[in-house]
Amino acid sequence: MSGHIAQDWEPVVIRKKGVTAGQRRDEKAVNEARRSGGPIETIKKFNAGSNKAATSTPGINTKKLDDETEELAHERVPTDLKKNIMQARTEKKLTQAQLAQLINEKPQVIQEYESGKAIPNQQIISKLERALGAKLRNKK
């Protein structure tokens, strides 16, 4: 065997993964850079970690509210609807929580409707009518 033996394959180089941006900001990495004299950059971010922009300066909406002269209010649940819901629920011997579970709503929703604080939603009223088996709305 007299001949020259040649390699026909490429060398494989195994390396560690590069340092990610999150790892560069890690406290351990920053301390290591300080010890070795490596570059460290600190940046003060404007309003970082606070919500001062939303509360500190009165915005354009404040002026609109001050200039508003019309008295505005949300529509509330009518008294007859409140009474009809309470009456139908007590006839069925249901608590507010049980009725809420029947119509897949939170108990607070039923409480708000019966106290008159809720803003009427026709879908919820329809669910209540179906669950209680009673007509709750008066025809106009």
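1. Let's start with helices H5 and H8. H5 covers residues 79–91 and H8 covers residues 122–132; the two pack at an angle of about 30°, with their axes 10 Å apart. Helices here are DSSP runs of H or I with at least four residues, and strands are runs of E with at least two, numbered from the N terminus. Axes are lines fitted to C-alpha atoms, for helices over the stretch in contact, and angles run from 0 to 180 degrees between N-to-C directions. H5 and H8 therefore count as roughly parallel to each other (angles under 35 degrees are roughly parallel, over 145 roughly antiparallel, 65 to 115 roughly perpendicular and the rest oblique).

2. A word on the model before going on: it is predicted, so local features need pLDDT of at least 70 and side-chain atom pairs count only at pLDDT 80 or more, while totals for chains, interfaces and linings use all residues. Residues are numbered from 1 along each chain as its sequence is written, and side-chain values use heavy atoms, leaving out hydrogens and water.

3. Which residues make the contact between H5 and H8? From H5 come Leu81, Ile85, Ala88 and Arg89, and from H8 come Ile125, Leu128 and Leu132 (contact means heavy atoms within 4.5 Å). By class, this contact has six nonpolar residues, no polar ones and one charged. Ala, Val, Leu, Ile, Met, Phe, Trp, Tyr, Cys and Pro count as nonpolar, Asp, Glu, Lys and Arg as charged, and the others, Gly among them, as polar.

4. Most residues other than glycine have a negative phi. Lysine 93, in the loop between H5 and helix H6 (96–102), has a positive phi of about 55° although it is not a glycine. Asparagine 104, in the loop between H6 and helix H7 (107–115), also has a positive phi, of about 60°.

5. Are these two residues buried or exposed? Lysine 93 counts as exposed at 73% relative accessibility, and asparagine 104 counts as exposed at 67%. Buried means under 20% relative accessible area, exposed over 50%, and partly exposed in between, with a 1.4 Å probe and protein chains only.

6. Finally, the whole chain. Its secondary structure comes to eight helices and zero strands. Of its 140 residues, 17% count as buried. Among contacts with a separation of 6 or more, 52% are between residues 24 or more positions apart.
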